[in-house]
Amino acid sequence: MSLNPHAKDAIASHELPATPMDPALARAREGKIKVAMIGLCGCWGCTLSFLDLDERLFTLLDKVTILRSSITDLKRITERCAIGFIEGGVANEENIETLEHFREHCDILISVGACAVWGGVPAMRNVFDLKDCLTEAYVDSPTAIPGAKPTIPFHLDLPRITDKVYPCHEVVKMDYFIPGCPPDGDAIYKVLDDLVHGRPFDLPRSINRYD
Amino acid sequence: MSIQITIDGRAITAEEGQTLVDVAADNGTYVPTLCYVRDKPCLGTCRVCAVSVNGNVQAGCTVKVSKGMVVETATPDLIDMRKAMVEFLFAEGNHNCPSCEKSGRCQLQAVGYEVDMMVSRFPYRFPVRVVDHASERIWLERDRCIFCQRCVEFIRDKATGRKIFSISHRSDKARIEIDVELANAMPPEQVREAVDLCPVGTIIEKGVGYDDPIGMRKYEIQSLRDRALSTEEGKP
């Protein structure tokens, strides 16, 4: 096992040896609808909105098990999931890999929030050249240390950032969209509850918001 | 002269020459409109009010009703066409609702809700159009402009009647312009009128920002649909 991520025998966090799950817990999870959620280039505000489901989460958890979220922080999902929630847009190579991985392993993939839907606040850089953004941040930055050699970060371990910020559906097929910055917990609940109970996706006008 | 037309199969009595979207609204049928301002000359720029008139798709605000007219507003094709028009406008400019002062008071956003838009089917263009802040009280956020021409036609210099706003260039180079000298001569209430008339967040009054709390903003208090269907003055 190597700590160098580029070594041939390098392993990712989801491949690390883990204690087997308690058999009773594993049995209780069987038959539940598997859900995964991850953030790409965003602020995690949509995840906080998910937590705004409050006690409604508990009734949902009778039917649903959340395989991947900010709580487990696995980089990859290890089992096929019925529903994947994607927060944030695509701004670097790692985002592309992660999004493609989720597309491959989720039956239904949902763009949650303005960043996933159209790029959101990070996409404000789309009206500038990437070169100018990096120069502004690292070379001509007002907080640059006088006399220090300006350096734009570049390393094999750092994902290369894309020329523009892309909505998720311009990278892979997305099935549904929940706009909002962030969407209300009510909107996320409505969508998840409908899908879990076999009803079609429907986001009523009363809870569809763009801000 | 009173005439009979049908809207979605319903017989309706109207006055000949009335504007179709007004007749529809007065009879409880909401057709989403965006550039149209009731009781002002029709602009016909946004095409969001597409309806079928005697089998032909037309912008409802440009149509004067006439005897025996057969109007359809709610076929799946028309509903999707109107939604596509709104999605097109969202993809064409930079409509960043979370960071816009006009959010909650923006007619483009409100009409987006009315047509059940969640995402644009068109690729987002992210156009580069520089902000014009040369005038004393108006901040011109050009990348939010949808070229409805409301300000161009309806906001004019009080003394001379000259246009204060105009559109320069064409196609994807088109952009809204402001005559700084005339803009600086605008009385404060006319500045506010221009800000309210702008259906997006292009014309912004300097020094005024997010002044209404979320939940208390114009279209949160009363939706665009309810405003259009209400009998009160001063809608939407």
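Me: Against which helices and strands of chain A do the buried residues of H7(A) pack?

Reply: The model is predicted. In chain A, the buried residues of H7(A) pack against helices H2 (45–51) and H3 (56–60), and against strands E3 (81–87), E5 (106–112) and E7 (176–178).

Me: Which residues of H7(A) are buried?

Reply: An α-helix has 3.6 residues a turn, so residues three or four places apart point the same way. In H7(A), the buried residues are A:Ala187, A:Ile188, A:Tyr189, A:Lys190, A:Val191, A:Leu192 and A:Leu195.

Me: What should helix H7 of chain A span, at 1.5 Å a residue?

Reply: The expected span is 1.5 Å times one less than the number of residues. Helix H7 (residues 185–196) of chain A has 12 residues and should therefore span 16 Å; its end C-alpha atoms are 16 Å apart, in agreement. Just after H7(A), A:Gly198 has a positive phi of about 75°.

Me: How many helices and strands does chain A contain?

Reply: Chain A has seven helices and seven strands, in the order α-β-α-α-β-β-β-α-β-α-α-β-β-α from the N terminus. Of its 211 residues, 34% are buried.

Me: Is B:Arg227 buried or partly exposed?

Reply: A residue counts as buried if 20 or more other C-beta atoms lie within 10 Å of its own. B:Arg227 has 19 within 10 Å and is therefore partly exposed. B:Arg227 belongs to helix H8 (residues 224–229) of chain B.

How values were computed. Residues numbered from 1 in each chain as written. Chains lettered and ligands numbered in written order. Predicted model: local features only at pLDDT ≥ 70, side-chain atom pairs only at ≥ 80, totals over all residues. Helix = DSSP H or I, 4+ residues; strand = E, 2+ residues; numbered from the N terminus. Buried ≥ 20, exposed ≤ 12 C-beta atoms within 10 Å, placed from the backbone. Contact = placed C-beta atoms within 7 Å.
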